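Please look through the sequence and the structure shown below before reading on.

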Amino acid sequence: MRVSAGTALPNFEVDEVRAAAMKTMAVLLRDPNPIHFDPDAVAALGMGDRVINQGPTNMAYVVNMLVAWAGHPACIRALKVRFLDNVRGGDRVVAGGVVTSVAGDGRHQIAECDVWLDVVGGPRALAGSATVAVAAGAATGETPAR
């Protein structure tokens, strides 16, 4: 696969961010913050009436997009994001990105990318950058170095 500056990364879409999954993630992350599982707590804080997704889960949507594009989790060399707004239960989100520059290390193209997560019909939830190794032989089925 050859990439160049301006190459759009394929979107990763989540049709519905489910409140039940947030409750499960709160347990797994040992996150006792009730905004992730109690709509009344969200309302009491003046933050609306829907539970709020965990930041690590929002970031994971971007990671899933990068892995689907690059072919393997080990291809992600760096990821840096800023959390800009909340994702709420019932939201539809789309992770996307664009290659901003490409260099090489002999075996791979190293793509610097701008990445983001948008709430469909709403705000950008996070934005950042990623460094991704794209195997030069990926188009022929070569497995990227791990």
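## A buried pair of asparagines

Asn 53 has a relative accessibility of 6% and therefore counts as buried, a word used here for under 20% relative accessible area, while exposed means over 50% and partly exposed lies in between (with a 1.4 Å probe, protein chains only). The model is a predicted one, in which local features need a pLDDT of at least 70, side-chain atom pairs count only at pLDDT 80 or more, and totals for chains, interfaces and linings use all residues. Residues are numbered from 1 along each chain as its sequence is written, and side-chain values use heavy atoms, with hydrogens and water left out.

- Asn 53 is placed in the loop between α2 (39-44) and α3; helices (H or I, at least four residues) and strands (E, at least two) are DSSP runs numbered from the N terminus.
- Asn 58, by comparison, has its place within helix α3 itself, which covers residues 55-70, and it is buried, with a relative accessible area of 4%.
- The side chains of Asn 53 and Asn 58 are joined by a polar contact of 2.7 Å, a term for a pair of N or O atoms within 3.5 Å, where within protein one must be able to donate a hydrogen and the other to accept it, and where residues adjacent in sequence count only if both atoms are side-chain atoms.
- When residues up to four places away in sequence are not counted, Asn 53 touches Val 17, Met 22, His 36, Asn 58, Tyr 61 and Val 87, contact here meaning heavy atoms within 4.5 Å.
- With neighbours within four places in sequence again left aside, Asn 58 is in contact with Asn 53, Val 87, Leu 117 and Leu 126.

## Strand β5 and its partners

- Strand β5 (residues 124-135) is largely enclosed by the rest of the structure, because nine of its 12 residues are buried.
- Strand β2 (residues 76-83) pairs with β5 in the antiparallel sense over seven bridges, two strands being called paired if DSSP finds at least two bridges between them.
- Within this part of the structure, Lys 80 stands opposite Ser 129 in β5.
- Strand β4 (residues 108-119) also pairs with β5 in the antiparallel sense, over 11 bridges, and Ala 111 stands opposite Val 132 in β5.
- A hairpin is formed by β4 and β5, with four residues between them, and Gly 121 in the turn has a positive phi of about 75°.

## Cysteines without a disulfide

- A disulfide is a covalent bond between the sulfur atoms of two cysteines, and the cut-off applied here is a pair of cysteine sulfur atoms within 2.5 Å.
- The structure holds zero disulfides.
- The sulfur of Cys 75 lies 12 Å from the closest cysteine sulfur, which belongs to Cys 113, and this is too far for a bond.
- Cys 75 counts as buried because its relative accessibility is 1%, and Cys 113 is also buried, with a relative accessible area of 2%.

## Salt bridges

- Side chains of opposite charge can pair when their charged atoms come close.
- The count comes to five salt bridges, each being a side-chain nitrogen of Lys or Arg within 4 Å of a carboxyl oxygen of Asp or Glu.
- In one of them, the side chains of Glu 13 and Arg 92 meet at 2.4 Å, N to O.
- Glu 13 lies in strand β1 (residues 8-14) and Arg 92 in the loop between β2 and β3 (93-104), so this pair ties together parts that are 79 residues apart in sequence.
- Glu 13 is partly exposed, with a relative accessible area of 41%, and Arg 92 is partly exposed too, at 35%.
- Arg 92 also forms a salt bridge with Asp 15, where the closest N and O atoms are 3.5 Å apart.
- Because Asp 15 lies in the loop between β1 and α1 (19-28), its pairing with Arg 92 ties together parts that are 77 residues apart in sequence.
- Asp 15 counts as exposed, at 60% relative accessibility.
- Another salt bridge joins Glu 16 and Arg 18, with the closest N and O atoms 3.3 Å apart.
- Salt bridges that share partners join Glu 13, Asp 15 and Arg 92 into one network.

## Confidence in the model

- The mean pLDDT of the chain is 91, and 92% of its residues reach 70 or more, pLDDT being the predictor's confidence in each residue, from 0 to 100.
- Over residues 138-146 the pLDDT is below 50, and this stretch has 12 contacts in the model beyond near neighbours in sequence.
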